[in-house]
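I opened this notebook to record what I looked up, residue by residue and strand by strand. The entries follow the order in which I consulted the structure.

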Amino acid sequence: MKRGIYHKIFLTAAIAAAMVAPARRALAQDKKTSGNPVVEGWYADPEAKIFNKQYWLYPTYSAKYNEQVFMDAFSSPDLVHWTKHPHIVDTSGVKWVRRALWAPAVTEKGGKYYIFFGANDIQNNNEKGGIGVAVADNPAGPFKDYLGKPLIDQIINKAQPIDQFVFKDDNGQYYMIYGGWGQCNIVKLKDDFTGVVPFEDGVTYRKITPEGYVEGPVMFKRKGKYYFMWSEGGWTGPDYRVAYAVGDTPFGPFKRIATILKQDASIATGAGHHSVINVPGTDEWYIVYHRRPLTETDGNHRVMCIDKMYFDKDGMIQPVKITNEGVAARVLR
């Protein structure tokens with residue numbers, strides 16, 4: 001008798017689960033906005049790119065330094081539905097990395113995909129680490145060590161070699177802007193990304209640090225102007241934020257204009273270390289960033305979010321409103 005009852009209970013539970021699963025899938029497909037955070041898990045320092053009519057996010061895995069030995073990526077056709085690509089790069093593919101794998105910058109060149117990263121959190125020029133680069137045939141990896149050593153492994157102009165951002169100018173030249181500890185350098189990358197080359201005046205590491213700069217540089221070009229953005233404040237604190245400047249060249253001079261991303265005490269704190277997306281052929285812009293939920297006090301409890309970014313008639317970036325809703329679907333054509 002009991003066996004019959006248990007059998008019926010089991011069947012009822014199985015039928016209920018079978019009915020719930022499609023409902024959950026339908027609910028996911030019916031999502032109208034991305035929601036913030038856009039994916040589950042602790043992630044920070046997101047790099048946002050568009051490859052093959054897909055949006056891609058490449059974040060730092062937000063955990064204790066010794067646990068930061070891999071990176072995941074996420075792809076989406078519409079900014080709302082995301083697919084996780086786990087361990088696109090890790091210490092099995094880059095042997096000299098042992099900890100603190102940070103803030104990827106990803107670019108495509110010649111059909112190959114390159115991921116630049118900071119690693120090992122070096123504190124002086126005698127430690128092994130700095131900015132490295134790995135390469136893959138696919139934006140989802142797997143990425144393998146490109147040089148067998150760091151690309152930049154020295155502290156120059158007092159800039160810790162972390163938080164690299166790769167910027168391609170209209171003439172095809174690739175630059176890398178990087179730096180922690182309140183200092184920022186720009187370097188000119190070799191065509192094959194195997195090193196850096198001097199500028200015309202013989203300087204190789206040009207300092208472009210604006211007032212208030214702490215880390216997390218980003219650069220993009222809009223209507224002939226170079227927009228330089230960076231993070232300020234302490235990354236574990238509530239006042240982490242993003243400011244910007246505008247210049248006529250990638251080298252500035254850059255004078256701080258305003259803060260455009262910061263905490264909202266009713267939504268989240270520590271909003272910073274971002275990147276931007278421009279929908280090709282349009283003047284539509286998104287800002288992708290990390291922030292800390294109001295319920296969290298652990299410095300590593302950071303999540304990835306997306307909101308719209310707007311410019312005024314004079315080309316100034318308007319303050320970003322951080323939201324829980326995120327953004328509506330935007331399919332790339």
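This is a predicted model: local features need pLDDT of at least 70, side-chain atom pairs count only at pLDDT 80 or more; totals for chains, interfaces and linings use all residues.

Entry 1, on Asn120. I located Asn120 in the loop between strand 6 and strand 7. I then looked up its backbone: phi of Asn120 is near 75°, a positive value in a residue that is not glycine.

Asp45 belongs to strand 1. I noted that Asp45 has 8% relative accessibility and therefore counts as buried.

I returned to the strands on either side of the Asn120 loop, strand 6 and strand 7. In which order do the four strands of this open sheet lie? I read the order as 5-6-7-8, with antiparallel pairing. Strand 5 (102–109) and strand 8 (144–145) are the edge strands, and each of them pairs on one side only.

I next looked up how many bridges join strand 6 to strand 7. Strand 6, residues 112–119, is joined to strand 7 by seven bridges, and the two run antiparallel. Within strand 7, Ile131 is the residue opposite Gly118. Strand 7, residues 130–136, also pairs with strand 8 in the antiparallel sense, over two bridges. Val135 has Lys144 of strand 8 as its bridge partner. I also checked how covered strand 7 is: seven of its seven residues are buried.

I recorded a cis bond from Asn36 to Pro37, with omega near 5°. Pro37 is placed in the loop between helix 1 (2–29) and strand 1 (43–51). The peptide bond from Gly252 to Pro253 is also cis, with omega near 5°. I found Pro253 in the loop that connects strand 16 (241–247) and strand 17 (258–261).

Where is His301 placed? I found His301 in the loop between strand 19 (285–293) and strand 20 (303–309). With which side chain does that of His301 make a polar contact? I identified the side chain of Glu296, at 2.5 Å. Leaving aside neighbours within four places in sequence, I listed the contacts of His301 as Trp42, Ser62, Arg291, Arg292, Pro293 and Glu296.

Definitions and conventions: Residues are numbered from 1 along each chain as its sequence is written. Side-chain values use heavy atoms; hydrogens and water are left out. Two strands pair if DSSP finds at least two bridges between them. A polar contact is a pair of N or O atoms within 3.5 Å; within protein, one must be able to donate a hydrogen and the other to accept it, and residues adjacent in sequence count only if both atoms are side-chain atoms. Contact means heavy atoms within 4.5 Å. Buried means under 20% relative accessible area, exposed over 50%, partly exposed in between (1.4 Å probe, protein chains only).
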